[in-house]
Amino acid sequence: MKAGSNLENVLRSGAFAVTGELGPPKSGDLELVRKKARILKGFVDAVNITDCQTAIVRMSSLTAGLAALAEGVEPVMQMTCRDRNRIGMQADILGASALGVKNLLCLTGDHQKFGNHPQSKGVFDMDSIQLLQMVKGMRDEKKFQCGEEIKGNEPSLFLGCAANPFADPFEFRPVRLAKKVAAGADFVQTQIIYNLEKFAKFMEMVRDLGVHEKCFILAGVTPPKSLGMARYMKKFVPGLDVTDEVLARLSDAKDQREEGINICVDIIRQVQDIPGVAGVHVMAIEWEEAVPEIVKRAGLSDRPEPKGIEPVLSSSSSIEKAVEDARKEVRIEFEEELERARTEAQASRELVIKEKEKVASEISDLKKQIEEARTMASHKEAEVRKLTEEIQKAKKELEASQAAGPAQAPPVAAASPPPGPGAPPPPGGPLTDREQKVLESLNLGLQALKSVLGLDDSQFEALRRFLEAEFMLQLGQIPAPAPPPPRPPVTEPAPPVPEAEPAPAEEAKAPRVEEAAEEKTARNKEVVNLVAKGNLALHSGDYNGAIEAFEKALSIDSTDEKARAGLADAKAALQKALSAVKEAPEEAAAAPEGLPPRPEEIDEQWWKEKWVIRYTAMGNVALMKGDYDQAVSAFEKALALDASNEKAKAGLERAKNRQGIFIPEVKAGQAPAAVKEAEAAPKPEAEEAAEEKKEAPPEKPVEEPEAKAEKEVKKEEKPQAKPAAPKIEISAPAGEGVGEIAVSPLSKEEPPLSERAGDIPEDVYKEACSGAIQSVTLGDGEKAISVGGETALPFYNFEGDMPNPPRVAFEVLDSEPEEWPDVLTKYFADCLGDPAAWAKKCVEEYNAKSICLSLISTDPNGADVAPADAAAVAQKVVEAVDVPIIFWGCGNAEKDTETLREITGRIGEKKVCLGPLTDANYRTLGATAMAFQYPVVASTPIDVNLAKQLNILLENLGVHLDHILMDPSIGAVGYGLEYTYSVMERIRLAALTQQDDKLSCPFIVNLGREVWKAKETRLPTDGMLGDQERRGVLMEAITASALLLAGGELMVMRHPKSAALTEALVEGLL
Amino acid sequence: MIIAERKKLGELLEMVKGCRRLLVLGCRGCVAVCSAGGDKEVSVLASAIRLGLSRQGKEIEIEERTLVRQCDPEYIDPLNEDASDFDAVLSMACGVGVNFIADRCGKVNVLPALDTTFYGANLSSGEWKEMCAGCGACVLHLTGGLCPVARCAKSLSNGPCGGSQNGRCEIHPDVSCIWQQIYDKLSGLNRSDEMKNIMPMRDWTSAGHGGPRRRIREDLLP
């Protein structure tokens, strides 16, 4: 036993050991260490405490190790040679051992270049092997490195080292491990293993050297948290061999975290079978929660009872007491705070309950009232029914008497009405005395009925009473000129009655009815009857009958107001019906449902126009919803009413186009239902007007006088353009040429953060940056734009300034694009071969603030256009537009040098931007740019250090940082966006928080070309992937928005719609 | 050879902005070979300073001179005679020259025009690479003639660290792993077994950590 640590005990007992890893925080928060230790406790035999891993400043491994020890978790303190010389290291070793640390892992350490202080001086007084020798000497020989004796307690440490089986030269790796063991290593923990084959080979060589018998070998494993992490490790962590099989397993997995744990468990199982492997070292980087699960599933959760874990410091009662006191104080404060919050919450809760009760009692009162009204109504209904029965009886008696002497029966009306078509001959004849009596009794019944219902204000009931009586009369005495309507006497307004009409008509009638009943005795009975008959006929749609009845009534009593009014009503209604009949054939052809009857007060022409607008609006709504069948039918209806309506025509074309392309998702029943719905709830005029407005703007440009060619192009575009993003409401300001491209602004959050944060003090969430981003100006004159200049992370407006909003530059190709999908080219169909016109279109129609001319034709592997020819094109573009221009070469360093130089020769003083400058051509192009004071694009392949280096080189050349835009190389969403994001974020953080001014240049993000070369933007529209254009636009917009958040300042994009979306996002966030 | 490179013009202009008369002093030693401070560079720098200051509206009188070496008293000492003619001497030698002038010419206000970078070799025109750290305790006989002190990012003594991949150092893809090269070299010489030996901890006193270094050969002393 060398140190008596728990790890040593476990290993020497022959049990399969498990160690974990704990990264100390980048702060002084000891609680974070304790939390992680508690997660791991009981599942591992010891925990490695890293020593500023990847050269990033963290709490020291000694401190964090002691905290872990106090939690009952044995630390393996890691020590690197990077930050201390032999004096400092030996001092810490003495201290660590004195405070109860019993394991020490000796490492050389990651180079400081990788960390957050790359400017620091690396010490490297010794390497890891010499460190092992030194500690072994201290422990076994009680000597300091210089040879001086340690008088008193020597450090007692179980010594470990690392081994990377996957680094080069492979054959030397076992030898190097043997050297470490010879130098003093008691155990070794390997680099993360994914490639088991290679590891097995390594172990075979290790066994050949007999090393496994001289030390304990723990295999290093890590659960990959995600496919992205696995890819990152494969790509960027030197000496980490992530196999394709692991990547495939992750990418096929439904739950990548779950699969990551499974992969880890599988690897543990397999390394257990390799002779010489004495344990595993589970490194769950910032995923400590996974360790218990992994250990359980690997069948290793039955850990030996820990021995020898005794914190030295925490036994000090004074410290404990201080901690306890502090805790108490905090708890009291906390409890006070809690109590206050509780009281407040209780108070507001009570208030809410009171309000609720109040509302509830109001509701129940209302309910009671309704119930009362209902009972009263049903009561009255019963009375009515009773009276009706009496009337029925009377009628029967009347009939009986008629049957007895029909010839003598006098008509009730003074004159018999002319026979209507198909009407039975009027019975005619004067009334017998008996019938007179019956009528009288009937009238009495009516009188009674009236007096009963007179109490009830319901106009509805009154009407019913009146009509019922009238109906009885007609049946018995004078059949209506036209047959009565084939439905029961009205209890509800008749369906075909125009919606707008019933209310006013009924209102008008109700008082009239009351009046009539009251004056009845004073008036000629016949007149009353005729008026009633007329009204019934009017209501049942028999306008002729009604007119006749009223006329008859008037002939008896020309002063009767009711009759006169009724006559006027009936005539108007007849007139309306006639005109409706005239239109019917036309309408019936186009719109099966026909127009709902027009309310009288509305002029015929206006009514029609209204419905054209309404149908068009319905069509547009359906189009937005993606229900193209319904849209087509709506537009067709509109056109049937007004064949010359432009909006409807355009809409129909659009809808038909979409109908052809899309597999309609809408079920068959939905369309008519929607129509009904629209009809059942006629929109108030205001809403209708709004609808009209909503659909109007896209049309306006067409109506405006413009060049004919342009007009045509636009018409072609629109049908497809609009559904591209149906969810996004289109509200272009009228008069702007690109209505379908414009995007409605995002809503801005009103209250500032400080308000929303409530009582949280500012310094808790605010972390002001010490650095600033350079501001780079592109172009000249009033169209010049500046990007960069931030003093905070992107859109962290509460922490600093973002003086210049990020911008979008439209990409224009210098020759006709060959592989662009139609959904993209159609916006530039008229100018694809003419870069100058193209650029102009971008500026004038799509409101481009900047143009990026891609000189793809100059590519030596492609068209290989001569520099002079390319420059001629470039010059035309420069002359065509006045916004800033970026010239983006083909990517071939030599050719770009020639081409861009040629261009600068031609355009001279005009401030353009040149790119991409790489490490291969920065000298020549940098010098050229300097001569003209042009800004440049410094292009590097996704790497912080390369980006920095190129900036340094350019600066050394004399190019100022405020003339450099960094192109970090872009991956589109689904194609490495996360790498780009991560690198950009690190660059930005370095510039803002680590005073790394060499990285303080703004980003230019050339994302359009990356997005539009993705397969997903090329696949046609189908049921699974959805609309092609919408897909492409969203991919581009999403890539842009992600990279905006990573710090992108100048976004080079292709699709006008995604550019508009991006600009709207920027606008909304700032 | 000592490799140096000229400081940025802006920095130099700032240095000499108060001078009316300036001596730009080149050296025909190492710095001339690495195109940093020879005759040609002297005249280029002199013109650049004249132009630069005149753009700032200042006038300066510059004399150009190049010495055979700036690290021998016989070439340096004559400066004492006309030192008072100049407000400053801008030395285009390595740091040795600047120091030497400062040491020997009490009245001369000497300024450095170069950053002295490393001991290196000329790989090709315009490219130099560090080969030696001047650590004063050479181990090249153990490492196949390739220096781990100067050429390993962590100055390791006992073989490549875990960041060695495909012959490249992890700190930059342009940097080769010197320990891979040492391993290859020794293997080629059938000496790879030597790499099994543990190299003990180094004594850095001779590398300057023991204070300024000095060398004396008694037989040559005057």
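A:M79 has A:C106 in β4(A) as its bridge partner. The strands concerned, β3 (residues 75-80) and β4 (residues 103-107) of chain A, run parallel and are joined by 5 bridges; strands count as paired if DSSP finds at least two bridges between them. Helices (H or I, at least four residues) and strands (E, at least two) are DSSP runs, numbered from the N terminus.

The model is predicted: local features need pLDDT of at least 70 and side-chain atom pairs count only at pLDDT 80 or more, whereas totals for chains, interfaces and linings use all residues. Residues are numbered from 1 along each chain as its sequence is written, chains are lettered from A and ligands numbered from 1 in the order in which they are written, and side-chain values use heavy atoms, leaving out hydrogens and water.

A nonpolar core is a set of buried Ala, Val, Leu, Ile, Met, Phe, Trp, Tyr and Cys residues joined through side-chain atoms within 4.5 Å, where buried means under 20% relative accessible area, exposed over 50% and partly exposed in between (1.4 Å probe, protein chains only). The largest such core has 89 residues, and A:F199 and A:V271 are among the members that touch the most others. Its largest share, 7 residues, comes from α10(A). Beyond four places in sequence, the contacts of A:F199 include A:F166, A:A219 and A:V271. A second, separate core of 86 residues includes A:F810 and A:L853.

| Bond | Omega |
|---|---|
| A:D168 to A:P169 | near -15° |
| A:G915 to A:P916 | about -10° |

A:P169 lies in the loop between β5 (158-163) and α6 (172-183) of chain A, whereas A:P916 lies in strand β14 (residues 913-917) of chain A.

A:C52, not a glycine, has a positive phi of about 45° and lies in the loop between β2 (46-49) and α3 (61-70) of chain A. A:C52 counts as buried because its relative accessibility is 12%.

Notes: Contact = heavy atoms within 4.5 Å.
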